Amino acid sequence: MNHLHNPKLTNSAQKLRCNMTKEEKRLWYDFLKGLPVTVYRQKVIENYIVDFAIPARKLVIEVDGSQHFEIEGEGKDKARDQRLCDLGYRVLRVSNLDIHRRFKDVCAEIERYIV
């Protein structure tokens, strides 16, 4: 059994996959889905469900809405990011605004992580 997978979160992850935000959908359908590496959507890693994971590159991509920029959200994100880093992942956070205004730059940044 994969020690990084919490089966209690599987159903929640499946629901999130079916209800991605418009920014997550854009990143998935317009870029990530076509990459030459396996990309998982709403991937369970320990007690977290990350937006996107590329295990072969130990990369997690988080698409952040406004709640992530509030004090409570920032604190939770910092602890979560630290745990993912402890597991060997690099965490790349992009905002919804980045997806809207700098989509090509976001894609180029992700490509730098996977080449």
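Predicted model: local features only at pLDDT ≥ 70, side-chain atom pairs only at ≥ 80, totals over all residues.
Residues are numbered from 1 along each chain as its sequence is written, and side-chain values use heavy atoms, with hydrogens and water left out.

Taking the chain as a whole, there are five helices and four strands, and along the sequence they follow the pattern α-α-β-β-β-α-β-α-α. Of the 115 residues in the chain, 42% are buried, where buried means under 20% relative accessible area, exposed over 50%, and partly exposed in between, with a 1.4 Å probe and protein chains only.

Now to the sheet, which is open and made of four strands in the order β1-β2-β3-β4, with mixed pairing; two strands are said to pair if DSSP finds at least two bridges between them. At the edges are β1 (40-45) and β4 (90-95), each of which pairs on one side only. Direction ignored, neighbouring strands are turned by 45 degrees against each other on average, the axes being lines fitted to C-alpha atoms, for helices over the stretch in contact, with angles from 0 to 180 degrees between N-to-C directions. Within the sheet, strand β2 (residues 48-54) and strand β3 (residues 59-64) pair in the antiparallel sense over three bridges, and A53 stands opposite V60 in β3. Helix α1 (residues 10-18) packs on this sheet, touching β1 and β2, and its direction makes about 160 degrees with that of β1.

Which residues does Q42 contact, leaving aside its neighbours within four places in sequence? Contact here means heavy atoms within 4.5 Å, and the residues are A13, L16, R17, M20, E24, I49, V50 and D51. Q42 has a relative accessible area of 3%, so it counts as buried.

A second residue to look at is L59, which lies in strand β3 and, at 0% relative accessibility, is also counted as buried. Not counting residues up to four places away in sequence, L59 touches F52, A53, I54, Y89, R90, L92, Y113 and I114. With R90 in particular, the separation is 31 residues in sequence but 4.9 Å in space, C-alpha to C-alpha.

Let me finish with the rings, where Phe, Tyr and Trp (its six-membered ring) pair if their centres lie within 6.5 Å, and planes under 30 degrees apart count as stacked, over 60 as edge-to-face and the rest as tilted. By this rule the count comes to one aromatic pair. The ring centres of W28 and F52 are 6.3 Å apart and their planes are at 10 degrees, so this pair is stacked. It links distant parts of the chain, with W28 in helix α2 (residues 22-30) and F52 in strand β2, 24 residues apart. W28 is buried at 10% relative accessible area, and F52 is buried at 0%.

There are also charges over rings, which requires NZ of Lys or CZ of Arg within 6 Å of the ring centre and within 35 degrees of the ring normal. R26 lies over the face of F103, at 3.9 Å from the ring centre, and K58 lies over the face of Y89, at 4.2 Å from the ring centre.

Terms used: Helix = DSSP H or I, 4+ residues; strand = E, 2+ residues; numbered from the N terminus.
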